[in-house]
Amino acid sequence: MSGAGYQPRLQAVRPARTVAVAAVAALALAAGPATAQELFRFTGTAYAGSEQPVYEEQHQVRGQCRQGRFRPEQHEVRYVDVGSGETIGSKQLTYPGRLTQPEVRFELPSWQQSLVITSSGNGELRVESRERGNLETARVEISDAVVVDAGFDHLVRQHWSTLLNGESVPFRFLAPSRGEHYGFELEPEPGNDYHLAVTIRPSGLMMRLLVDPIVLGYDRTGALVHYAGLTNIPRTRDQNHEADIRYQVTTQPACPLLSPQ
């Protein structure tokens, strides 16, 4: 470059505020765009011994796409009586840690029942169960193998390939009313109408005599489409509904429910 023809340009000094705003913008760009919240909505219709539905479950799950799959953060359920259209209960699940161990708040005002399960963060759960004004509390020590409430749904997806290969998955399931957890198994059921069918049953012989199995059916996306067994909705003060619940997805998140294989 010839020195005779070169005229240096003097840069104007920008105000400090402009420089600060530019720096913040640069940091935001470097960090990448914020992860958008995703919604997963599905509805379950419960049938108990007839073709007339008894109640409906309206599920809304909020979460984010992480590592190629949908990661739930909050799950809300509204239970609606089909005959009257009235809300008969609600449940909120949050996932501060493992997806198989959500914190739970379940309320059935008309039955004067509620259940709250929270984590202390040091391998212990606090269970508060209230029925007709009577409050019972318990602290339960847990390991990674313990599954809480609807955490079984995530357990199935975490072991999807294992179950498709015909292998069982052992786990321990929390019984909140007893303040204890017991040995159970996920057992794949071949020869059915679902991409994957799984039976949840106790692993011990004595418990198998006392507890009826629960059957789950999933489609190829990993969404639950059928539940058959004991529910959490009362039929009488002493007995809950045994029901077939058929699920239909209404809103899919942008990312898959299953981890990339």
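Cys255 is buried, with a relative accessible area of 10%. This is a predicted model. Cys255 pairs with Cys65 in a disulfide, and the structure holds one such link.

**The disulfide**
- The sulfur atoms of Cys65 and Cys255 lie 2.1 Å apart.
- The link is left-handed, with -90° about the S-S bond.
- It joins distant parts of the chain, as Cys65 and Cys255 are 190 residues apart.
- Cys65 sits in strand S2, residues 53–66. Cys255 sits in the segment after strand S15, which spans 240–251.
- Cys65 has a relative accessible area of 28%. That value falls between 20% and 50%, so Cys65 counts as partly exposed.
- Cys255, at 10%, is under the 20% cut-off and therefore counts as buried.

**Leu258**
- Leu258 is also found in the segment after S15.
- Its relative accessibility is 12%, so Leu258 counts as buried.
- Leaving out residues up to four places away in sequence, Leu258 touches Gly68, Arg69, Arg157, Trp160, Arg220, Thr221 and Gly222.
- Leu258 and Thr221 are 37 residues apart along the chain. Their C-alpha atoms are separated by 6.9 Å.

**The largest nonpolar core**
- This core has 50 residues.
- Ile117, Val156, Leu186, Ile200 and Leu216 touch the most other members.
- Beyond its neighbours within four places in sequence, Val156 is in contact with Leu163, Leu186, Leu196, Leu216 and Tyr218.

Technical notes. Residues numbered from 1 in each chain as written. Predicted model: local features only at pLDDT ≥ 70, side-chain atom pairs only at ≥ 80, totals over all residues. Heavy atoms only, no water. Core = buried A, V, L, I, M, F, W, Y, C linked by side-chain atoms within 4.5 Å. Buried < 20%, exposed > 50% of the residue type's maximum accessible area, 1.4 Å probe, protein only. Contact = heavy atoms within 4.5 Å. Disulfide = S-S within 2.5 Å. Helix = DSSP H or I, 4+ residues; strand = E, 2+ residues; numbered from the N terminus.
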